[in-house]
Amino acid sequence: MRFGIIADIHANLEALTAVLDTLKRQEVDQIFCVGDIVGYNANPAECIELLKENGVISISGNHDRFTSGEIDAIIRKETRDVINFTRNALSTEQMDYIASLPEERYFEDIFLFVHGSPRHKDEYINSLQIARSNLQLLQRERPFVSVCFYGHTHLPYIISPNRIETDIHRSTSFELDPKFTYLINPGGVGQPRDQCPLASCAIFDVDRYVVHYFRVEYDIETTQGKIREAGIDHKIADRLSKGR
Ligand code: ZN
């Protein structure tokens, strides 16, 4: 069994298409998405349809929840403007799809999928301390979980009690030790933030206990053109070529 993991698509159709092509060429059995299908970029409707066509199993991210109106948090104006753009771009069925996504999911009881962290759906795992306390929380409260896949930071990471893998800027593989609990971020599909503009995704090989990362080229200029044409803040287009 090999499953693909994607995160933070953020309505980037060109990046999502490139990543799904890569995962299909690798003949994965199933693809999971850990949230943030929409927000930032210009093709939310097309991305939702592509996920449905490919039978991707998803959970919600904060941008998906902003869009379906479940959260009234104070957020930046440019983010609010994109949410309004996204709401206008989606059909009723697509809005229903976004609203129906659960906040977390299990697969085979030992794999957990969350957007932010196991502790909270909106928490950023952006420090060693936060990573450690989440690993401890998993071991204490959900000891049956072997790997928790997360997103939200848009940074590819492998974290276990005795190991950290980061700066994953090219396609590469890591053997894991089944004795340990892991937090794994596949990196961002539609808005990578690790100074590498390539779209990111991962495959988990359950039998070999190996995680394969893929950094995938896509047509960034087309994505940027669509963002500018849609009247979305140009900074959101500019950052894509810098990977931040
Ligand atoms: Zn995101």
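This briefing describes the overall build of the protein chain and then one of its sheets. The model is predicted: local features require pLDDT of at least 70, side-chain atom pairs count only at pLDDT 80 or more, and totals for chains, interfaces and linings use all residues. Residues are numbered from 1 along each chain as its sequence is written, and side-chain values use heavy atoms, with hydrogens and water left out. The protein chain has 8 helices and 12 strands, where helices (H or I, at least four residues) and strands (E, at least two) are DSSP runs numbered from the N terminus.

**Overall build**

- With a radius of gyration of 17 Å, close to the 18 Å from the globule rule for 244 residues, the protein chain is as compact as a globular protein of that length. The radius is taken over C-alpha atoms, and the rule is 2.2 Å times the number of residues to the power 0.38.
- Along the principal axes, the C-alpha atoms fill a box of roughly 50 × 35 × 30 Å.
- Of the 244 residues, 56% count as buried, that is, under 20% relative accessible area with a 1.4 Å probe, protein chains only.
- The accessible surface is about 10,600 Å², and carbon and sulfur atoms hold 46% of that area; the Shrake-Rupley method with a 1.4 Å probe was used.
- Among contacts (heavy atoms within 4.5 Å) with a separation of 6 or more, 74% come from residues 24 or more positions apart.

**The six-stranded sheet**

- An open sheet of 6 strands runs in the order β4-β5-β6-β10-β7-β8, with mixed pairing; two strands pair if DSSP finds at least two bridges between them.
- Its edge strands are β4 (104-107) and β8, each of which pairs on one side only.
- On average, neighbouring strands are turned by 15 degrees against each other, direction ignored. Axes are lines fitted to C-alpha atoms, for helices over the stretch in contact, and angles run from 0 to 180 degrees between N-to-C directions.
- Helix α6 (residues 128-141) packs on the sheet and touches β5, β6, β7, β8 and β10; the direction of α6 makes about 125 degrees with that of β10.

**Strand pairings**

- Strand β7 (residues 157-160) pairs with strand β10 (residues 182-185) in the antiparallel sense over 3 bridges, and Ile 158 has Ile 184 as its bridge partner in β10.
- Strand β7 is also joined by 3 bridges to strand β8 (residues 163-165), again antiparallel; in β8, Ile 158 is bridged with Glu 165.
- A hairpin is formed by β7 and β8, with 2 residues between them.
- Strands β5 (residues 111-114) and β6 (residues 147-149) pair in the parallel sense over 3 bridges, and Leu 112 stands opposite Cys 148 in β6.

Definitions and conventions
Buried < 20%, exposed > 50% of the residue type's maximum accessible area, 1.4 Å probe, protein only.
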